[in-house]
Amino acid sequence: MSLFLQLMVNGLLLGGAYAIISIGLTLIFGVVRIVNFAHGEFLMIGMYAVRLFAQHMGLHPYASAPLVALVLFFFGALMQRFIIQPLLSADGHIQIFATVGVSTAMLNLALMVFGADIRKVDASFGAEALSIASMTFVSGQLITFVIAIVVAAGMHFFLKHTFTGRAFRALAQNRMSAALMGVNVNAMYVLAFGIGTGLVGLASGLLAVQYPAFPTVGTYFVLTAFVIVVLGGMGSLPGAVIGSMFIGVIDSLAGFYVGPDLKEVIYFVIFLGILTIRPTGLFGLGRGSE
């Protein structure tokens, strides 16, 4: 039983890392209605930025996380304004191809600048093991989980109780009606995309303590984030958080009882099974009209 509880706790803590990435991804889809295939590359660039801050300024990854979040907010806003926004009237697949193009460009740029070597940030705080009630885990995982809960609660408050949050929700329901009510659609799109990528920057600072940076580091995390966002219901914040915890637990249990090389197969099978029964995901309610 203690082993099972240990695996459950490990899975929930892992879900915290997934949650921050997934919240940003689901915000972008929910408001802008575009699947950002460059999300993983933003995570990768963020982890390299964390390493540069540590190397040249001596900042701990946790201290540099807010700075990296601001940098990625800026780049995300620029991507929306100058790459995605001119394509808003085009077919959806054109917008998707644009994000794939950005993803490919960022990946190859990272290979040119940093090479394919694995680069690790040396940080003692956040990497030490803690033992509580006969269970052992890495302190950085607990920190990431707590911050994920704070971010989720903050986003919930922002979306429910601020004018900008209500504008985001209005856009998610019906873009034309929101525009008729005075919402600046283009400005809200830029802001939503910036916040979504900024959350990836925050995640990169938290993950850099536990994971090394290399050009394809974002692929694993964001592939799982795509599963989480679709599973929870595209555009659903509660779905993203609960889906992250669910996939984290499945990842931990399957990695131990089935094998680390087959754990992705397990949660993809569960993912497909749930979508077969409920195509809109666990919390999906369908989408408003344009």
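**Close-up views of a predicted model**

**View 1. Buried residues of helix 3.** In helix 3, the buried residues (under 20% relative accessible area, with exposed over 50% and partly exposed in between; 1.4 Å probe, protein chains only) are Pro-61, Tyr-62, Ser-64, Ala-65, Val-68, Ala-69, Leu-72, Gly-76, Ala-77, Met-79, Gln-80 and Ile-84. Their cover includes helix 1 (2-32), helix 2 (39-57), helix 4 (92-114), helix 5 (139-161) and helix 8 (185-207). Helices are DSSP runs (H or I, at least four residues), numbered from the N terminus.

This is a predicted model, in which local features need pLDDT of at least 70 and side-chain atom pairs count only at pLDDT 80 or more, while totals for chains, interfaces and linings use all residues. Residues are numbered from 1 along each chain as its sequence is written, and side-chain values use heavy atoms, with hydrogens and water left out.

**View 2. The bend in helix 3.** Helix 3 (residues 61-84) bends by about 25° at Leu-67. The bend is the angle between axes fitted to the seven residues ending at a residue and the seven starting there.

**View 3. Ser-244 in helix 10.** Ser-244 lies in helix 10 (residues 237-257) and counts as buried because its relative accessibility is 0%. Its side chain reaches the backbone oxygen of Ala-240 at 2.6 Å. A polar atom of that side chain also lies 3.4 Å from the backbone nitrogen of Ala-19.

**View 4. Ala-148 in helix 5.** Ala-148 belongs to helix 5 and, at 1% relative accessibility, counts as buried. Ala-148 and Val-241 are 93 residues apart in sequence, with their C-alpha atoms 8.6 Å apart in space.

Key. Helices (H or I, at least four residues) and strands (E, at least two) are DSSP runs, numbered from the N terminus. A polar contact is a pair of N or O atoms within 3.5 Å; within protein, one must be able to donate a hydrogen and the other to accept it, and residues adjacent in sequence count only if both atoms are side-chain atoms. Contact means heavy atoms within 4.5 Å.
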